[in-house]
Amino acid sequence: MTRSVASILSPDVLAPRDRFIDVIDSRYHKLDDIHAAYNDRAGVTRRFALNVSSNISDLFNDNTVDVWCIDYNPYSNEVQGRNETYFRCLKETQFRIPSETPILVHKGEYIRFAFSHKYDRVERQVLWAIAGAYPVQEWVSKDDGYALTMLSWSS
């Protein structure tokens with residue numbers, strides 16, 4: 001289940017005296033730095049992402065996903081301000097979830113794995129306003145690449 005910032009940061013969850021700390025990537029990273037973060041030379045991020053498929057199989061006690069049939073493909077979407085990660089199917093295969101009809105995935109087809117959004121200062125302020133939260137204090141890295149924000153419900 002996907003949860004929005006507004007549903008996580010709600011007055012039902014946090015009291016006015018509570019504080020919430022959030023760290024957000026900025027849109028202002030260099031494209032080469034973003035690419036290196038999601039496609040590192042050692043392949044750590046790739047192995048992390050592909051580990052999902054073996055965990056899905058473990059979850060269902062079945063060979064749900066054949067990890068050798070998919071490849072990891074990160075993509076930096078500058079227009080949307082996010083890194084997108086997809087699995088690309090290397091050959092026609094089926095995803096088999098017990099008690100469900102198998103899902104046929106064709107060779108070359110992409111499966112969305114994750115979006116990692118990047119926000120500028122104004123976009124962060126919009127997120128907090130939608131959530132009904134107020135920034136108490138914010139710390140921004142020297143290169144404006146990251147922001148750590150302490151939020152509250154009371155202004």
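## Getting started

How many helices and how many strands does the chain have? It has four helices and eight strands. Please keep in mind that this is a predicted model. If you walk along the sequence, these elements come in the pattern α-β-α-α-β-β-β-β-β-α-β-β.

## Overall shape and surface

Let us look at the chain as a whole. Its radius of gyration is 19 Å, while the globule rule gives 15 Å for 155 residues; the chain's value is well over that, so the chain is more spread out than a compact globule. Along the principal axes, the C-alpha atoms fill a box of roughly 55 × 40 × 25 Å.

What share of the 155 residues is buried? Buried residues make up 30% of them. The chain exposes about 10,400 Å², and 54% of this area is supplied by carbon and sulfur atoms. Contacts across the sequence are worth a look too: among those with a separation of 6 or more, 51% are between residues 24 or more positions apart.

## Two aromatic pairs

Now for the rings. A pair of aromatic rings is described by the distance of the centres and the angle of the planes. Searching the whole structure turns up two aromatic pairs. One of them joins Tyr-86 and Tyr-110: the ring centres are 6.2 Å apart and the planes meet at 85°, and because an angle over 60 degrees counts as edge-to-face, that is the name for this pair. Tyr-86 belongs to strand S3 (residues 82-89) and Tyr-110 to strand S6 (residues 110-117), so this pair links distant parts of the chain, 24 residues apart. Tyr-110 is partly exposed, at 47% relative accessibility.

Phe-87 and Phe-113 also pair, with ring centres 4.9 Å apart and planes at 40°, so this pair is tilted. Here Phe-87 lies in strand S3 and Phe-113 in strand S6, which means that the pair ties together parts 26 residues apart in sequence.

## Charges over a ring

Which residues place a charge over the ring of Phe-115? Arg-82 lies over the face of Phe-115, 3.8 Å from the ring centre. The charged end of Arg-112 also sits over the ring of Phe-115, at 4.7 Å from its centre.

## Val-105 and its neighbours

Next, find Val-105, which is in strand S5 (residues 103-105). Its relative accessibility is 4%, so Val-105 counts as buried. Which residues does Val-105 touch, leaving aside those up to four places away in sequence? The residues in contact with Val-105 are Cys-89, Lys-91, Glu-92, Thr-93, Phe-95 and Ile-111. As for Val-65, 40 residues from Val-105 along the chain, the C-alpha atoms of the two are separated by 11 Å.

## The two faces of helix H4

Finally, turn to helix H4, which covers residues 121-131. Four of its residues to look for are Arg-124, Leu-127, Trp-128 and Ala-131, which are buried. Why can they be said to share a side of H4? They cover an arc of only 95° around the axis, and therefore they are on the same side of the helix.

What does the face turned away from the buried side of H4 carry? That face carries the exposed residues Val-122, Ala-129 and Ile-130.

Methods:
Residues are numbered from 1 along each chain as its sequence is written. This is a predicted model: local features need pLDDT of at least 70, side-chain atom pairs count only at pLDDT 80 or more; totals for chains, interfaces and linings use all residues. Side-chain values use heavy atoms; hydrogens and water are left out. Rings of Phe, Tyr and Trp (its six-membered ring) pair if their centres lie within 6.5 Å; planes under 30 degrees apart count as stacked, over 60 as edge-to-face and the rest as tilted. Buried means under 20% relative accessible area, exposed over 50%, partly exposed in between (1.4 Å probe, protein chains only). A charge sits over a ring if NZ of Lys or CZ of Arg is within 6 Å of the ring centre and within 35 degrees of the ring normal. The radius of gyration is taken over C-alpha atoms; the globule rule is 2.2 Å times the number of residues to the power 0.38. Contact means heavy atoms within 4.5 Å. Accessible areas come from the Shrake-Rupley method with a 1.4 Å probe; for residues, only the protein chains shown count as cover. The arc is that of the directions from the helix axis to the C-beta atoms.
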